[in-house]
Structures are given as C-alpha cells and as structure tokens.
Amino acid sequence: MDKFVDIFQFTHFRKYLEEYQAARALVDSTFTRTEICNLLGMEKSRSYFADVLRGKKVSPRMVARFIEILGLDKKEARYFETMVKVDQAKTDAIRKAAMEELLAQHPNPQHILNTDAYEYYNHWYNSALFAILDAMDVGDNLTAVQKRIFPKVTLGKLKESLDLLQRLGLARKNEAGLWKPTRESISSGPYNNAELVKQYQLQCFELSKQALMTPPKAPSIMSTLTFSISGEAYKLLEQAVQEFKSKARQIITQDKNPADGVYQLNLHLFSNLENPKKKKGEKKGGKNV
C-alpha cells in the first residue's frame with residue numbers, strides 16, 4: 001500500500017494524521033475526514049476525526065482502528081502507538097519514557113528530539129557544544145572549550161549546557177573520563193515546535209552576522225546572490241538546495257576521520273517580492289470576466 005507520507009518524519013501523531021489524510025485525498029477524493037469517521041465505525045460522530053486533530057483523546061481501541069485504516073506495517077504501527085503514548089502521557093516521567101522509546105524506534109540516524117527536550121534549542125551553544133565534544137577531548141573542566149568557542153560563552157553557561165546534554169542522553173563519559181556525544185547528529189524534524197526552532201535559527205543567523213563582522217580566525221565562506229527567475233526555475237533551485245543538504249549530511253555522516261573542527265552552515269532562500277493579490281472579479285491567469 002502507498003504510505004502517502006513517511007510516518008518517521010513525525011513525532012506528533014495528530015500532525016501525521018492530518019498530513020496523511022490530506023496527501024491521500026489528493027489521489028483518492030473519497031478519503032475525506034467524514035469517510036475516516038465511517039471507516040473508524042463512528043458514523044454517528046462525523047466530527048470525530050477533526051476532534052482528534054484538535055486534541056481529543058484516542059482510546060487503545062481507536063488506535064488499533066487507525067493503524068488498520070492507515071495500512072501500517074508492524075514497525076510503523078508500533079511507532080504510531082508510541083507517538084500516541086507521548087502525546088497522551090499523564091505525567092512527565094511517562095512522557096519521557098515514551099519519548100525514549102520513540103527515539104529507539106526511529107530508523108534514521110538523525111534523531112528527533114522531544115518537545116520537552118527543546119531546552120536544547122533555547123541556546124545555540126548547546127548544539128555547538130554537542131559537536132565540540134566530538135572535535136575536542138573534553139573532561140569536566142570546560143576552560144579549554146570556553147577559550148576557543150565562538151562567539152564567547154561563559155564557563156557557567158557551558159557547564160549548564162553539558163549538564164543538559166547529559167540529562168538528555170546526548171553525551172556521556174567514556175572510559176578515559178572524556179565527554180563524548182552519544183549520537184552522530186540531531187534533527188528537530190520538520191514538524192516539531194516550529195516556532196521554537198525558528199528562534200533557534202534566528203540565533204544561528206546572528207552567528208553568521210558575527211562571523212562576517214569578525215576578522216576570520218578559521219576557514220569561512222560568505223556568499224550572497226540576488227537574482228530574478230521564473231517560478232519553474234525556482235522549483236529547480238529549491239530542489240537543488242534540498243539535494244545539497246542531503247549531500248552535506250552524507251559527507252558529514254560518512255566522514256571517518258577524527259573531527260578537528262566545528263562549523264556552522266546556514267542556507268537562506270526567500271523572495272524579495274510578495275505574491276500579487278488577485279483583484280476582485282479576477283480569476284487565475286489574470287483575466288477579467
């Protein structure tokens with residue numbers, strides 16, 4: 001069966017259900033929200049699916065019915081069940097345990113962080129320290145890191161950051177007493193707390209500004225293009241950017257040499273023109289009727 005959307009791109013089951021229904025409806029116009037209610041055996045409650053998307057609790061019996069309708073295989077079904085557990089957990093301890101279970105089930109080496117773990121994204125230096133632990137030998141004394149990190153971060157904040165990485169299971173001591181990352185990389189995922197990730201990205205953009213204004217002490221490439229192209233060319237360019245990101249991830253994950261540097265890569269592609277608003281009485285194509 002066509003999966004329509006990749007369930008492993010999600011950590012919120014409600015968002016997954018919403019995206020799945022929209023994607024499947026594009027090829028099957030009968031797969032409406034009302035039809036989903038019928039398939040779930042909720043003919044008398046045609047708003048049930050919409051209510052679930054808005055936050056209604058889903059019983060174990062309905063979880064099983066959703067899995068059947070979605071055509072999920074064994075691994076996907078287990079992942080879906082765990083997403084529901086994360087969402088509907090009654091305590092922080094249960095939610096944390098469910099999230100750890102979800103991470104263990106995720107097939108991608110780029111792990112997705114829990115919403116509760118988004119303290120990680122509150123400060124740019126958390127991700128920087130995560131990478132630094134791979135590039136430097138770091139013990140409990142973070143003075144060497146504090147001297148080299150750019151921009152400068154206080155020793156107290158670095159210690160708090162290391163405590164956070166340890167608490168989230170992102171760093172642990174090895175046999176030599178050095179702190180090392182427990183994973184190759186981390187991704188927030190496309191549907192995780194977009195507003196908070198946006199704030200994290202703004203911090204990263206500010207880092208680019210500081211790197212541009214500061215005399216370079218390490219390798220850097222700064223480049224800007226402003227151009228006019230067609231909508232078709234934009235789609236090709238957007239595809240090329242995604243392909244480059246995939247290639248960059250491949251280079252990073254396949255690098256077998258010991259890391260000796262930490263780098264920041266920011267990509268920006270946006271329009272300097274807003275889409276024109278249609279005038280009253282105007283159809284698509286710009287012709288008046």
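User: How do the residues of the lining of the largest cavity divide into nonpolar, polar and charged?

Analyst: Side-chain values use heavy atoms, with hydrogens and water left out. Ala, Val, Leu, Ile, Met, Phe, Trp, Tyr, Cys and Pro count as nonpolar, Asp, Glu, Lys and Arg as charged, and the others, Gly among them, as polar. On that scheme the lining divides into eight nonpolar, one polar and no charged.

User: Which elements give two or more residues to the lining of the largest cavity?

Analyst: A cavity is a set of points, on a 1 Å grid over the protein atoms alone, where a 1.4 Å probe fits but cannot get out, and its lining residues have an atom within 4 Å of a point. The lining is made up of Leu17, Tyr20, Gln21, Phe31, Ile36, Phe49, Phe66, Ile69 and Leu70. With helices (H or I, at least four residues) taken as DSSP runs numbered from the N terminus, the elements giving two or more of the lining residues are α1 (13-27) and α4 (60-70).

User: How much space lies in the largest cavity?

Analyst: The structure holds one cavity of 30 Å³ or more. A volume here is the space filled by probe spheres set on the grid points, which are joined across faces, edges and corners. For the largest cavity, that space is about 30 Å³.

User: Is Val58 buried or exposed?

Analyst: Val58 is found in the loop between α3 (48-53) and α4. Not counting residues up to four places away in sequence, Val58 touches Phe13, Tyr48, Val52, Val63, Phe66 and Gln88 (contact means heavy atoms within 4.5 Å). Buried means under 20% relative accessible area, exposed over 50% and partly exposed in between, with a 1.4 Å probe and protein chains only. Because its relative accessibility is 3%, Val58 counts as buried.

User: Which residues is Ala135 in contact with, leaving aside its neighbours within four places in sequence?

Analyst: Ala135 has its place in helix α7. Its C-alpha atom is separated by 9.2 Å from that of Lys180, 45 residues apart along the chain. Beyond the sequence neighbours, Ala135 is in contact with Ala259, Asp260, Gly261 and Val262.

User: What kind of peptide bond joins Phe150 and Pro151?

Analyst: Pro151 lies in the loop between α8 (143-148) and α9 (155-167). With omega at about -15°, the bond joining Phe150 and Pro151 is cis.

User: Over which residues does pLDDT stay under 50?

Analyst: The mean pLDDT of the protein chain is 83, and 84% of its residues reach 70 or more. Where pLDDT is low, the predicted coordinates should not be read in detail. The stretch where pLDDT stays under 50, for which the model has five contacts beyond four places in sequence, is residues 282-289.

How values were computed: Residues numbered from 1 in each chain as written. Predicted model: local features only at pLDDT ≥ 70, side-chain atom pairs only at ≥ 80, totals over all residues. 1 Å grid on protein atoms, 1.4 Å probe; cavity = no way out; pocket = protein on both sides within 12 Å on 5 of 7 lines; lining within 4 Å. pLDDT = per-residue confidence, 0-100.
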